[in-house]
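Biologist: I have a model open and a few quick questions. Can you walk me through it?
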Amino acid sequence: MARQSVADLLGEVDQAQSAAPPVLPPRPAPAGVPAPPAAAAPEAAASRRSSTPRAARGPRDAGTTGVTESRIPKWQRLERKELRLRADQLDELARIRRTLNRQRGGEGERITENTLIRVAVDMLLGRAGKLRGTTEDELRKSVTS
């Protein structure tokens with residue numbers, strides 16, 4: 001085989017990159033998982049994903065058939081909502097997360113700050129009937145007393 005120059009090799013790489021990637025048809029959603037709205041642009045879905053690729057995880061027991069649990073990761077089934085927190089809140093959430101993850105010893109789900117925020121929201125929604133007030137402090141006091 002004849003030796004190729006670096007310039008020739010780079011030219012082949014440039015030509016290979018200029019070819020458009022094949023467009024694959026969308027995969028159907030698993031049973032029980034709602035399909036995303038048809039109006040959502042692919043660019044919007046891509047912008048919601050992290051810029052760092054994550055390894056896809058397969059089922060833990062590949063021999064299991066008829067599994068009803070969704071194979072879509074939990075974080076992909078949740079809706080994104082931006083939230084602003086105080087520095088002391090972020091520090092305390094991180095401390096609680098670390099403590100709980102040490103206590104679980106690898107059992108169950110990994111606990112994140114988002115997990116703790118979802119738990120707090122569920123607790124607030126459960127006490128929504130008690131909410132009274134016009135300021136953040138008044139609202140807080142109405143559900144804790």
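Modeller: One term to start: contact means heavy atoms within 4.5 Å. Among contacts in the protein chain between residues at least 6 apart in sequence, 28% join residues at least 24 apart. Keep in mind that this is a predicted model.

Biologist: How many helices and strands does the protein chain come to?
Modeller: Six helices and zero strands. Along the sequence the pattern reads α-α-α-α-α-α.

Biologist: And what share of the 145 residues is buried?
Modeller: Buried residues make up 7% of them.

Biologist: Which residue caps the N-terminal end of α5?
Modeller: T112 does. A side-chain oxygen of T112 lies 3.3 Å from the backbone nitrogen of N114.

Biologist: At what angle do α4 and α5 pack?
Modeller: About 105°, with the axes 9 Å apart. Helix α4 covers residues 87–104. Angles of 65 to 115 degrees count as roughly perpendicular, so α4 is roughly perpendicular to α5.

Biologist: Which residues make that contact?
Modeller: From α4, they are L93, A94, I96, R97 and L100. From α5, they are E113, L116 and I117.

Biologist: How does the contact of α4 with α5 split by class?
Modeller: Six residues are nonpolar and two are charged. No polar residues take part.

Biologist: Now N101. Where is it? Buried or exposed?
Modeller: N101 sits in helix α4. Its relative accessibility is 19%, so N101 counts as buried. The cut-off for buried is under 20%.

Biologist: What does the side chain of N101 reach?
Modeller: The backbone oxygen of I111, at 2.7 Å. Leaving aside neighbours within four places in sequence, N101 is in contact with R110 and I111.

Biologist: Where does R110 lie?
Modeller: In the loop between α4 and α5. R110 has a relative accessible area of 56%, so it is exposed.

Biologist: How far apart are R110 and L100?
Modeller: They are 10 residues apart in sequence. In space they are 9.1 Å apart, C-alpha to C-alpha. L100 is one of the α4 residues in the contact with α5.

Biologist: Moving on. Where is R127?
Modeller: R127 lies in the loop between α5 (113–126) and α6 (136–144).

Biologist: How far is R127 from S142?
Modeller: They are 9.4 Å apart in space, C-alpha to C-alpha. In sequence they are 15 residues apart.

Biologist: Which helix holds S142, and is S142 buried or exposed?
Modeller: S142 is in helix α6. S142 is buried, because its relative accessible area is 15%.

Biologist: What does the S142 side chain reach?
Modeller: It reaches the backbone oxygen of L139 at 2.8 Å.

Biologist: And what does S142 touch, not counting residues up to four places away in sequence?
Modeller: K130, L131 and R132.

Key. Residues numbered from 1 in each chain as written. Predicted model: local features only at pLDDT ≥ 70, side-chain atom pairs only at ≥ 80, totals over all residues. Heavy atoms only, no water. Helix = DSSP H or I, 4+ residues; strand = E, 2+ residues; numbered from the N terminus. Polar contact = N/O pair within 3.5 Å; in protein donor to acceptor, adjacent residues only side chain to side chain. Axes fitted to C-alpha atoms, helices over the stretch in contact; angles between N-to-C directions. Parallel < 35°, antiparallel > 145°, perpendicular 65-115°, else oblique. Nonpolar A, V, L, I, M, F, W, Y, C, P; charged D, E, K, R; others polar. Buried < 20%, exposed > 50% of the residue type's maximum accessible area, 1.4 Å probe, protein only.
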